[in-house]
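Reader: I have the model open and want to go through it with you. Let's take it piece by piece.

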Amino acid sequence: MLGSTGNAGRLCLGYQPHRTSGIVTMSQVKTVEQLRAVLPEPRATTKAKILPFLDAQAIDFLKTCPFGLMATAGRDGPIEVSPKGDEPGFVHVENETTVLLPERAGNNLAFGLQNIIETGRIGMIFLRPRTGETLRLSGRAEIFDDADLLAPLGKPGRPALLAIRIHVERCYFHCARAVLRSHLWEPEHWPEAKRISFGKIFAARTDGDEDQAAKIDAFVETGYTTNLWSNG
């Protein structure tokens, strides 16, 4: 919570409080100057960690990483973030500025892939269990359907449907604060397991009943078990 001194300082920088339904709120931050009044410029040492390539630690991290989040932007503005997970090492490092990411079976919405086709821009954050630091990279991406590229990205019964080649422009490790604050890798802090019912979502949109919802959930469960690597 901001003290009175903090509020006064921000008012001097152009913030104007306004009242909505009896609640006083601060104005929207609209300029970099307003932003930097709250978050000062990073230290030179912080900026120094940002590299235009994968260093040895980043390459080692990717070789043992099982999960990442892929962010893409479309030409007209839609932003998508897609989870990408597989056995550790599913990301193939071609060289210090290029990596390959397999596209596995999924829901076929392909929003992120369509964004890559439209703009070629991509950002990723990779997480490694029991490691607080995360690896962030951004750059340009291309999609390939090429047997020579797909072969090393797949295994028997676990094909790579497409290959996403990422040309790294910015790469750095993010400190562990967010992971530590969230207790992400501490089981004693985890909530009870919770399963989302896609059946309830679909049934509500199609005037379906509980029986239909149960059938859809059973179909989804099959996808989590016997059809984990396919859309069968």
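Reader: Start with Val 179. Buried or exposed?
Author: Val 179 is buried, at 10% relative accessible area. Buried means under 20%, exposed means over 50%, and partly exposed is in between (1.4 Å probe, protein chains only).

Reader: What am I looking at, before we go on?
Author: This is a predicted model: local features need pLDDT of at least 70, side-chain atom pairs count only at pLDDT 80 or more, and totals for chains, interfaces and linings use all residues. Numbering runs from 1 along each chain as its sequence is written, and side-chain values use heavy atoms, without hydrogens and water.

Reader: Back to Val 179. Which helix is it in?
Author: Val 179 sits in helix α7, residues 177–182. Helices (H or I, at least four residues) and strands (E, at least two) are DSSP runs, numbered from the N terminus.

Reader: What does Val 179 touch?
Author: Leaving out residues up to four places away in sequence, Val 179 touches Gly 132, Thr 134, Leu 184 and Trp 185. Contact means heavy atoms within 4.5 Å.

Reader: How far apart are Val 179 and Gly 132?
Author: In sequence, 47 residues. In space, C-alpha to C-alpha, 5.6 Å.

Reader: New topic, the sheet. What's the strand order?
Author: The order is β4-β3-β7-β8-β9-β6-β5, in an open sheet of 7 strands with antiparallel pairing. Two strands pair if DSSP finds at least two bridges between them. The edge strands, β4 (79–85) and β5 (92–95), each pair on one side only.

Reader: How much are neighbouring strands turned against each other?
Author: By 30° on average, direction ignored. Axes are lines fitted to C-alpha atoms, for helices over the stretch in contact, and angles run from 0 to 180 degrees between N-to-C directions.

Reader: Which strands does helix α5 touch?
Author: Helix α5 (residues 111–119) packs on the sheet and touches β3, β4, β6, β7, β8 and β9. Its direction makes about 50° with that of β3.

Reader: How many bridges join β8 to β9?
Author: 11 bridges, between residues 134–144 and residues 162–174. Ile 143 stands opposite Ile 164 in β9.

Reader: What about Glu 103, buried or exposed?
Author: Glu 103 is buried, at 14% relative accessible area. Its place is in strand β6.

Reader: Now charges. How many salt bridges are there?
Author: The count is 11. A salt bridge is a side-chain nitrogen of Lys or Arg within 4 Å of a carboxyl oxygen of Asp or Glu.

Reader: Which residue pairs with Arg 121?
Author: Glu 169 does, with the closest N and O atoms 2.9 Å apart. Glu 169 is in strand β9 and Arg 121 in strand β7, so the pair ties together parts 48 residues apart in sequence. Glu 169 is partly exposed, at 37%.

Reader: Where do Arg 195 and Glu 221 lie?
Author: Their side chains meet in a salt bridge (2.6 Å, N to O). Arg 195 is in the loop between α7 and α8, and Glu 221 is in helix α9 (residues 210–224). Arg 195 is exposed, at 55%, while Glu 221 is partly exposed, at 32%.
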